[in-house]
Amino acid sequence: MQTINSAAVPLYRQIARRLKAAIESGELAPGKRLPASRVYAREIGVSRATVEAAYGELVAQGWLERRGQAGTFISDRLTAGAPRADTARSAVVKSAPLPFQLGLPGLDLFPRALWARMMGRRLRVQTRADLAPGDPAGDPELRRAIVDYLLFSRGIECRPEQVFVTSGYAAGMALILDTLARPGDAIWMEDPGYRLIRPQIAGRGLTLCPVPVDDDGLDVDAGMRTAPDARFVLVTPAHQSPTGVPLSLPRRRQLLAWAARRQAWIIEDDYDSEFHYRGRPLPPMKSLDAPQRIIYAGTFSKSLFPALRSGWLVVPEPLVDCFEQQARLAACTVPTLVQQTLADFINQGHFWRHLKKMRQHYARRREWLVQALAGLGYPTAPGAGGLHLMMPVSGSDRALAARGREAGLAVQALSDWRLVSNGPGALLMGFTNIADAQMAQRLAEKLIAAMSEE
Ligand SMILES: Cc1ncc(COP(=O)(O)O)c(C=O)c1O
């Protein structure tokens, strides 16, 4: 609320007018509780009687309601229309994810009460020092916890100094490129590949080199032919994003040998490797990184939840100093409280338990959708992991995806993930938030019906 001016209009009227304007603009929504008059008066530096008079006027006009001990509220009746101008409602509203949304973990399965307890406990034991800006490279406790997790769960050996906490993959990529890239450097990118990272690359004057993907993942021979001098390779070895195929062992070896020869950097995006449902997953490439050419990028967006905005990089030992210097140019953007709670979550064993539980749920949820679509005559690609399914379609996958979206389903077209490659069309759909077999059936039927509409 702005400050009160000293014009001839009585103070209580000025306050009432401003509240009314805030209600009309949608800034104060119907049903919202106003601060107690005593608190509000102190906040804006007027007497309590003045605020009471403003509230009283708005109650009389129907803008506010008094609900006894519970306090004073923006009238619920305003939702029905008058006197608020509906056109002035704020466009900033929270929307729930749509069915099939890609890249989301199962939001219903996250132990929110446990997380809240752990965060509360952390908050209570924080010291004064925790209020100061933390280490720009990340909280030491979290960096150590990530080292333990990587060793036991991913077979990666590293020191805490090699770990840089980031606010997610894009921020990690920015740190990598700000530290190492020079204008004009070439970067291999999987085609089709994760499209949301392209702006980070395009905005830095790098030459983006699309490299095709086949049933063994990134086609390393093709990359070596088209851009033999590339300085960076962006790759999703666990489950290629979005096709889901793992990068085969021969290709991993070939890529690493080429990078060692050419002194190129491999950026291993290990975003969802924890979720593998059939057979043994290959370990991350980073665990084979004898030549020290791999920068490993991890994220909590899939394993916990994306609103955490927390991920990390593991950089090769010889790069620690230059990453450290670059990281020191800005503060770490992940709040200390979040980092410390994450460290507790890992150190107390909750992270492992959660991953184990999620793997079991996802295997079931995935199977429900596979069966529902297969039953309707639409088999899905066989992939063994990840958080989404790919369903081959004939005809324009873009047109079919658009029909799905018109029906309120967040399906995506494989073609929209391509850079220059051509290939058969497919629809991509997340399965992690499908709660039971009936829901899978309902959604599959809805999708197929939408696709069949003329
Ligand atoms: C291929 C891929 N890499 C990385 C990420 C992680 O992104 P972030 O850490 O910014 O949430 C995602 C998220 O959807 C992804 O799909």
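Hi everyone, let's start with the fold: this protein has 14 helices and 13 strands, where helices (H or I, at least four residues) and strands (E, at least two) are DSSP runs numbered from the N terminus. Please keep in mind that this is a predicted model, in which local features need pLDDT of at least 70 and side-chain atom pairs count only at pLDDT 80 or more, while totals for chains, interfaces and linings use all residues. Residues are numbered from 1 along each chain as its sequence is written, and side-chain values use heavy atoms, with hydrogens and water left out.

Now the overall picture. Along the principal axes, the C-alpha atoms fill a box of roughly 80 × 60 × 45 Å. Of the 454 residues, 51% are buried; buried means under 20% relative accessible area, exposed over 50%, and partly exposed in between (1.4 Å probe, protein chains only). Among contacts (heavy atoms within 4.5 Å) with a separation of 6 or more, 71% are between residues 24 or more positions apart.

On to salt bridges. The structure holds 20 of them, each being a side-chain nitrogen of Lys or Arg within 4 Å of a carboxyl oxygen of Asp or Glu.

Which residue pairs with Arg122? That is Glu141, with the closest N and O atoms 2.6 Å apart. This pair links distant parts of the chain, since Arg122 is in helix H4 (residues 112–125) and Glu141 in helix H5 (residues 140–154), 19 residues apart. Arg122 is buried, at 11% relative accessible area, whereas Glu141 is partly exposed at 27%.

Next, Asp214 and Arg251 meet in a salt bridge at 2.8 Å, N to O. Asp214 lies in strand S5 (residues 207–214) and Arg251 in helix H9 (residues 249–262), so the pair ties together parts 37 residues apart in sequence. Asp214 counts as partly exposed because its relative accessibility is 31%, and Arg251 counts as buried because its value is 12%.

Last stop, the surface. Leu151, Phe152 and Trp352 make a nonpolar patch of about 320 Å². Patches are made of residues with over 30% relative accessible area and no salt bridge, joining like charges within 9 Å and nonpolar side chains (Val, Leu, Ile, Met, Phe, Trp, Tyr) within 5 Å. Areas come from the Shrake-Rupley method with a 1.4 Å probe; for residues, only the protein chains shown count as cover. Trp352 sits in helix H12 (residues 350–375) and is partly exposed, at 32% relative accessibility.
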